[in-house]
Amino acid sequence: MSRHLRIAVLCLSVFAGCASQPEVAPEDPTPDVSLDEASQVISESLTRIAIGTPESLELAVLDLSLSAAGETSRGIELQNVAIEMFDILYPLLDSPGEAPAPFSPASIYPQMFASVRRGEYPEVPQQSVSYLTLIIPPLSVLFTDSQQIQERSRETLLQAEALNSDSIVPDLLLGLIAERNNEIEEAAARYASAAAESSRAYPARIGLARIELDRGNVGAAIEAVDRLREELPASAEVLALAARAYYLDGRNAQADSLIQEAIKRESDNQAAIGLLLLRAQILAASGNYSSARNLLTIVEPRRPDDADVMLLKAELLAAGGEYGEALTVMKRARGLYPDDTRINDAYGRLLVRAGNVDEGRRILESSLEISPSNVVNLRVLLDNAMQSERWTEAAEYVDRLLAIEERDEYLATAIDIRLRLNDYDAAATYAGRRYRKNPDDFAILKQYATILIELDRTDVAEEVLRRAVEVADDRFVRSDLFYLLSLISGTRDEKFKLLREALQLNLQNFDALVAYSALFEETGDTKRALWYLREASKLRPEDEALARRVEKLSQEEGK
C-alpha cells in the first residue's frame, strides 16, 4: 500500500469517528454520484490536504467544489479544512475560495482552528485522532512563541512526518521552531526541503532569506528577497526583510525607503514596533544617530529586554564614544541571552572597536569555529587585520570570505593584500577572476594587465589588451590600452606606433607622454623628448622628480 493511500485510509477511518455522520452514508451524496465515486473524491482530497502545499490545498478545494461529493457534509467539512489550512499557512496568497457552508455542529475542526488562531494548542479527544487532527494543532506556533507549545508541536510534527514524509507541513513548522531556537542548520534544511516541494510555499523561502542574512550571506539574501518582492509586493513582512537585507549590504537609502513602506502597510501594532526598531538601525547605519535615538526612545520602553534593542543601544553609545556604557549594556544582554550568538558576536566586535582587540578576536574566532560562514565577524576581523597591517592574517580572512561568496569588493581587497605581500602570482589569479566577472570595467582590466606585465606574462596581457581594444569605443580608454600595449611591445618602432596612437586619442595621457619622451631621448632626439616631457610636467606640476628631468633635458638641448 502506498504512503498516500495509507494516509488517506488513516484519515478516512478516523474522520468517520469524529464527523456528525458516518464517513460515506448512502443518503448523503447527491443521486448522480455513486458511493465509490464519493469515497474516491473524499480520499484524494484528504491526501491532498495532508500534503499541505498551496497547490495541493487548492486542488482539494477545486475537486470537491466540482464534485457532488463536495455537497455532502463530509465534503463541505473537507473544503472548510483545506481553506482554513491554506489561509493559516499562506496568508499572503489568494484564498482558494470561500466556505461553501459552515462546519456542522458536530465537527471538531471549528474549535481546533479557533484555538490555533488564539495561539493555543488544541486538545484532540482520542476517538478523534487522525492525520489532520495531528498536523492542525502545531499550526498554533504561527500565532505564539510559547516554548512549551513549540516543544509539544515539535514532538507532534515528528510523529506526523513519520506517518507521511510527503507532507510539507512538518518541514514548514519544524523549520520555524528550529529557527526560533537558533538551530540554524536544521532550520535551513527544513525550509529548503519545503521550498523544493513547492516554490509557492513562500514562508519557507522567507525563512531561507532570513537565515542567509543571519549567516551574513547578504548577496544571496538580496537575490532571494528581490524575487519575493516581485511575487508579494504588498507584504509588509517581505518589505521589511528586503529593508534589512539592503541595510546589511550598506545600501541604506534603499533600505530606509523599503522600511518606511513596510511601516505604512503593517497593521499589527506589535509588528510595527519591530519595524520602527529596524528603521532606527538603518538610520544609525546612515550616521543619523539623532533620529535613531529618537526612535529608540519610542521602542525601548515597550521592549526593554529585547536583544535587538540592547544591540542598537550599545551601538549608539559606542558611536558617541561611550564604550564603557556600551559594554555595560552588552554584558547585561549576554546575561539575559547567554546562548544568543548575535549578542556574543556583537560583544566581540565591540571589544575590538573599544581597543580590547585580543579578547574581541578570541570571542569572534571562537564563534567562527561554530559558524565558519559568519561574514559579519570575518569582515570585522579582516578590517582589524588590515588596519594593523597584519597582511598574512588579512589574506586568510579575505580568502574565507571569498569561499562563502565571490563578491567584487572581496576580490579587490584580496588583490590589494596580495600586492602588499608581494605575492604577484596570487594577485594575478584574483585579478583574473575579477576581470572575468567584469570584462567591461576598464579599471579592473588595467589592474589585471599591469600585474600580468609585472610578472612578465606578456602573452596573456597582450591577449587581454588586444581584445579590449577591439570593443572599446571610449577614446580615453583606448588611449590607455595602447599605452599598456606599448609596455610589452617587442620593438622600438612598434612602441613608437602604439604611443603615437595613444597620444592621438588623448594628448593628456600622462604615462604615454613620459614614455614617448623617453623613446625620443633614447634615439637622441632631445628636442622632441623635451617637448613631450614638458607636456607631462604641465599635468603634474607638483612632481619634483619630473621637473628635474625637464631641467636636465633643457640644459642638454641648450648645449
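**View 1. Leucine L276 lies in helix 14, which spans residues 269-285.** Helices here are DSSP runs of H or I with at least four residues, numbered from the N terminus. The model is predicted, so local features need pLDDT of at least 70 and side-chain atom pairs count only at pLDDT 80 or more, while totals for chains, interfaces and linings use all residues. Residues are numbered from 1 along each chain as its sequence is written, and side-chain values use heavy atoms, with hydrogens and water left out. L276 counts as partly exposed because its relative accessibility is 22%; buried means under 20% relative accessible area, exposed over 50%, and partly exposed in between (1.4 Å probe, protein chains only). Leaving aside neighbours within four places in sequence, L276 is in contact with I263, L295, I298 and V299, where contact means heavy atoms within 4.5 Å. The C-alpha atoms of L276 and L296 are separated by 8.3 Å, although these residues stand 20 residues apart along the chain.

**View 2. Arginine R434 is part of helix 23, residues 424-437.** With a relative accessibility of 14%, R434 counts as buried. Apart from neighbours within four places in sequence, its contacts are D408, L411, A412, I415, I444 and Q447.

**View 3. Helix 27 (residues 492-505) packs with helix 28 (residues 510-522).** The angle of the pair is about 145° and the axes are 10 Å apart; axes are lines fitted to C-alpha atoms, for helices over the stretch in contact, and angles run from 0 to 180 degrees between N-to-C directions. On the helix 27 side, the residues that meet helix 28 are R492, K495, F496, L499, R500, A502 and L503. Their counterparts in helix 28 are A512, L513, A515, Y516, L519, F520 and E522. The residues of this contact divide into 10 nonpolar, no polar and four charged. In this division Ala, Val, Leu, Ile, Met, Phe, Trp, Tyr, Cys and Pro count as nonpolar, Asp, Glu, Lys and Arg as charged, and the others, Gly among them, as polar.

**View 4. Alanine A515 is found in helix 28.** A515 is partly exposed, with a relative accessible area of 21%. Not counting residues up to four places away in sequence, A515 touches Y483 and L499. The C-alpha atoms of A515 and S486, 29 residues apart along the chain, lie 8.9 Å from each other.

**View 5. Ring pairs link F496, Y516, F520, W531 and Y532 into a cluster.** Rings of Phe, Tyr and Trp (its six-membered ring) pair if their centres lie within 6.5 Å; planes under 30 degrees apart count as stacked, over 60 as edge-to-face and the rest as tilted. By this rule the count comes to 10 aromatic pairs. The rings of W531 and Y532 form an edge-to-face pair, because their centres are 4.8 Å apart and their planes stand at 85°. W531 is partly exposed at 43% relative accessibility, whereas Y532 is buried at 18%.

**View 6. N182 and E389 each have a positive phi without being glycine.** Phi of N182 is near 65°, and this residue lies in the loop between helix 8 (169-180) and helix 9 (184-197). N182 is partly exposed, with a relative accessible area of 37%. For E389 phi is about 60°; the loop that holds E389 runs between helix 20 (375-387) and helix 21 (391-404). E389 counts as exposed, at 57% relative accessibility.

Note on methods. Helices (H or I, at least four residues) and strands (E, at least two) are DSSP runs, numbered from the N terminus.
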